[in-house]
Amino acid sequence: VYGGIVAYILQSGDVGYDPNIQHGLVVALTDQGTAEWGCYETLISGADGAEIGTGQQNTTDILAGCSETNIAAYLCDTLTLGGYSDWFLPSKDELNKLYENIGQGNVLGLGNVGGFTNNFYWTSTETDIYDAWSQYFLYGDQRSTGNKDASRYVRAVRSF
């Protein structure tokens, strides 16, 4: 459905929530590999949204401010999967919902249906010129000390 697994339904207060039309996040069925966040020692204007609904804009801002290819945002942005080409790198809060709902967090009682590895995944949320947020999918902790030049797992999401 929608090119992957429906991982979250937007709630009141989320960016993009509409009480009349159901929207949510779909996650790709598999990882897009590993990559650097990109542009180490460069501040990317606008790539600091953490809330649910900000990952798409973060990804757009990363690609506008960083010309490196094969970085996490690029892998998501250029992905065509399940007939969809509007994939993006999830924000800090979006990635946490993936962990909680279809990853090892298991709040829905489904187990790790997303097939996430017990490793770090990049978010699209930048911390500063050196770091961006990542999440450890074994225990769920999020860290802002993810060196942007480190290789981490990448999993694309899209909105519906």
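Residues are numbered from 1 along each chain as its sequence is written, and side-chain values use heavy atoms, with hydrogens and water left out. Because the model is predicted, local features need pLDDT of at least 70 and side-chain atom pairs count only at pLDDT 80 or more, while totals for chains, interfaces and linings use all residues.

Colleague: How many of the 11 residues of H3 are buried?

Modeller: Helix H3 spans 92-102, where helices are DSSP runs of H or I of at least four residues and strands are runs of E of at least two, numbered from the N terminus. Buried means under 20% relative accessible area, exposed means over 50%, and partly exposed lies in between, with a 1.4 Å probe and protein chains only. The buried residues of H3 include Lys-92, Leu-95 and Tyr-99. The helix is mostly covered, and the number of buried residues is eight.

Colleague: Why are Glu-100 and Lys-97 separated by about one helical turn?

Modeller: An α-helix has 3.6 residues a turn, so residues three or four places apart point the same way. The side chains of Glu-100 and Lys-97 meet in a salt bridge at 3.3 Å, N to O, a term that requires a side-chain nitrogen of Lys or Arg within 4 Å of a carboxyl oxygen of Asp or Glu. Glu-100 counts as partly exposed because its relative accessibility is 23%, and Lys-97 is partly exposed too, at 22%. The separation is about one helical turn because, in helix H3, the two residues are three residues apart.

Colleague: How many residues apart are Asp-31 and Arg-155?

Modeller: The side chains of Asp-31 and Arg-155 meet in a salt bridge of 2.8 Å, N to O. Asp-31 lies in the loop between strand S2 (24-27) and strand S3 (34-35), whereas Arg-155 lies in the loop between strand S7 (152-153) and strand S8 (157-159). This pair links distant parts of the chain, and its separation is 124 residues.

Colleague: Which kind of aromatic pair do Phe-116 and Tyr-121 form?

Modeller: Rings of Phe, Tyr and Trp (its six-membered ring) pair if their centres lie within 6.5 Å, and planes under 30 degrees apart count as stacked, over 60 as edge-to-face and the rest as tilted. Phe-116 counts as buried because its relative accessibility is 4%, and Tyr-121 counts as buried at 0%. With 5.4 Å centre to centre and 80 degrees between the planes, the pair is edge-to-face.
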